[in-house]
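Please look over the chain below, first as a whole and then in its details.

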Amino acid sequence: FALHGSRSPNQCEAGTQQQYMCGIVGYVGAQQAAPILLDGLRRLEYRGYDSAGMAVCGPEGLRVCKAKGRLQVLAELTEEGRAMPGVGHTRWATHGEPNDVNAHPQVSRSGLFAVVHNGIIENYAVLRERLEKKGYVFRSQTDTEVVAQLLEDYYVASRDLFEAVNDMLSVVEGAYALGIVCRDAPDRLIAVRKDAPLLLGYGAGENFIASDVTALLPYTRDVVYMDDGELAVVTAGGIRIYNERRRPA
């Protein structure tokens, strides 16, 4: 499903392509996902990071493993991915110090959603305060956890995953590439791009997302770069892409 890396504070303030020196990798298919994600993350280590994490969404539910430090720490915790079939992440800290709690993926309060994120949610403080008034308790200092909690809030109201994602996107401001998994839909991954690079990889009975083609080269050379504002629903059987108006592209 997904793997992510976020940027350092100095890169974040630079306002250049440097601010996107993070990595996202996602996989949906019949193979065990975690080893593929770890391999993709290793191919993106040149981007730099200070923590790594992985989230797996399958029939057994949503599982998360993340840790401060080098990717090797995550690899050892998950036995090179064998102990965990799903989503992963590496991060340069932008909101909150580099530690296990602030590492991605960030998970919603009841474990319904896991989110990996490259970019900045500029109005996260306002949205966080709004959610706290509704009784949400935040575990991390990240802007990304706001996305996860918003998704749960909207999803509980509508019970429609696509609608919940669009409701969340209608209120967040900033630049982002997002990989989203939902416990209630373990067969799919949602990818969203706004002012941050994200691409889709096509395979036979398996599909991918990534922020850099380097991560996918061992698995596919058939890729499509998402346009700004697009949303993609990725399953093992295919990828549906929607434009900014949420019409099929």
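The accessible surface of the chain comes to about 10000 Å² (Shrake-Rupley method, 1.4 Å probe), and 48% of this surface belongs to carbon and sulfur atoms. This is a predicted model, in which local features need pLDDT of at least 70 and side-chain atom pairs count only at pLDDT 80 or more, while totals for chains, interfaces and linings use all residues. Residues are numbered from 1 along each chain as its sequence is written, and side-chain values use heavy atoms, with hydrogens and water left out.

Of the 249 residues of the chain, 57% count as buried, where buried means under 20% relative accessible area, exposed over 50%, and partly exposed in between (1.4 Å probe, protein chains only).

The lining of the second largest pocket includes Leu161, Phe162, Arg188 and Tyr242. E13 gives the largest share of this lining, namely four residues. A pocket here is an open set of points on a 1 Å grid over the protein atoms alone, where a 1.4 Å probe fits, with protein on both sides within 12 Å along at least five of seven lines, and lining residues have an atom within 4 Å of a point.

Aspartate 195 sits in the loop between strand E8 (188–194) and strand E9 (199–202), whereas arginine 246 lies in the segment after strand E13 (238–242); strands (E) are DSSP runs of at least two residues, numbered from the N terminus.
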